[in-house]
Amino acid sequence: MTDAAITFVRPAALTDRVPYAYAATTSAHRAVYTAGACPLDADGNTVAVGDHVGQARQVMANLVTTLRAAGAGLTDVVKSTVYVASGRREDLDAVWDVVRSAFGEHDAPSTLLGVSVLGWPDQLVEVEAIAVVAGEAQAAPRGSSSTSRQEC
């Protein structure tokens, strides 16, 4: 499958029961690497304390905002990593459902991890992504700054 400048790789020798591609290749000229998107509101407060699904929704909204500011979107993502502060598979599955829903048919490779703790107080979910955008490398999009930092 090819989506813009991305080709997803699904080897016939591996199971097709996974809801994502095993790899992605690209020849695009511009890459976007995000920091982990966190479940923070505009004031820096952790939202949906104790609620994995609520935090996953905020995380994906924040990821979309970050990608848009960099001139990309979810359909430009070639790889994501999903971190869930839980040892319970049910929590990982619930977060995964939110993430997959946000990506829709764009099934880029992803890694889902259960971890013991994340960086912000009461944080349960974090998602980072790598996106590629077809075209020439360009300066930072309007409204962004090379000196600003997103930490999570």
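Helices (H or I, at least four residues) and strands (E, at least two) are DSSP runs, numbered from the N terminus. This is a predicted model, in which local features need pLDDT of at least 70 and side-chain atom pairs count only at pLDDT 80 or more, while totals for chains, interfaces and linings use all residues. Residues are numbered from 1 along each chain as its sequence is written, and side-chain values use heavy atoms, with hydrogens and water left out.

**View 1. The whole chain and its elements.** Let's start with the overall plan: the chain has 2 helices and 7 strands. Starting at the N terminus, their order is β-β-β-β-α-β-α-β-β. Of the 152 residues, 39% count as buried; buried means under 20% relative accessible area, exposed over 50%, and partly exposed in between (1.4 Å probe, protein chains only). The accessible surface is about 8,400 Å², and carbon and sulfur atoms account for 51% of it; such areas come from the Shrake-Rupley method with a 1.4 Å probe, and for residues only the protein chains shown count as cover. A contact means heavy atoms within 4.5 Å. Among contacts between residues at least 6 apart in sequence, 74% join residues at least 24 apart.

**View 2. An open sheet of 4 strands.** The strands line up in the order S4-S7-S5-S6, with mixed pairing; two strands pair if DSSP finds at least two bridges between them. From one strand to the next, the twist averages 10°. Strands of a sheet pair through backbone hydrogen bonds, either parallel or antiparallel. Look for S5 (residues 77–85) and S7 (residues 125–133): they run antiparallel and are joined by 7 bridges. On this pair, Ser80 stands opposite Ala129 in S7.

**View 3. Two helices against the sheet.** Helix H1 (residues 52–69) packs on the sheet and touches S4, S5 and S7, its direction making about 25° with that of S7. Helix H2 (residues 89–103) also packs on the sheet, touching S5, S6 and S7, and its direction makes about 150° with that of S5. For these angles, axes are lines fitted to C-alpha atoms, for helices over the stretch in contact, and angles run from 0 to 180 degrees between N-to-C directions.

**View 4. Inside the largest nonpolar core.** This core has 34 residues, and those with the most contacts inside it are Met60, Leu63, Leu67 and Val127. A nonpolar core is a set of buried Ala, Val, Leu, Ile, Met, Phe, Trp, Tyr and Cys residues joined through side-chain atoms within 4.5 Å. Strand S2 (6–9), H1, S5, H2 and S7 each supply at least two of the core residues. Leaving aside neighbours within four places in sequence, Met60 is in contact with Leu74, Val98, Val99, Ala102, Phe103 and Val127. In soluble globular proteins, nonpolar side chains tend to be buried together.

View 5. Val32 lies in strand S4, which is joined to S7 by 4 bridges in an antiparallel arrangement. The covered face of S4 holds Arg30 and Val32, and the uncovered one Ala31 and Tyr33. Val32 counts as buried because its relative accessibility is 8%. Although Val32 and Ala70 are 38 residues apart along the chain, their C-alpha atoms are separated by 7.1 Å.

**View 6. His52 and its surroundings.** His52 belongs to helix H1 and counts as buried, because its relative accessibility is 13%. A polar atom of the His52 side chain lies 3.4 Å from the backbone oxygen of Ala85. Not counting residues up to four places away in sequence, His52 touches several residues, among them Val84, Ser86, Asp91 and Leu124.

**View 7. Two loop residues with positive phi.** Most residues other than glycine have a negative phi, and most peptide bonds are trans. Ala48, in the loop between S4 and H1, has a positive phi near 50°. Asp122, in the loop between S6 and S7, has a positive phi of about 65°. Ala48 is partly exposed, with a relative accessible area of 28%, and Asp122 is partly exposed too, at 48%.

Note on methods: A polar contact is a pair of N or O atoms within 3.5 Å; within protein, one must be able to donate a hydrogen and the other to accept it, and residues adjacent in sequence count only if both atoms are side-chain atoms.
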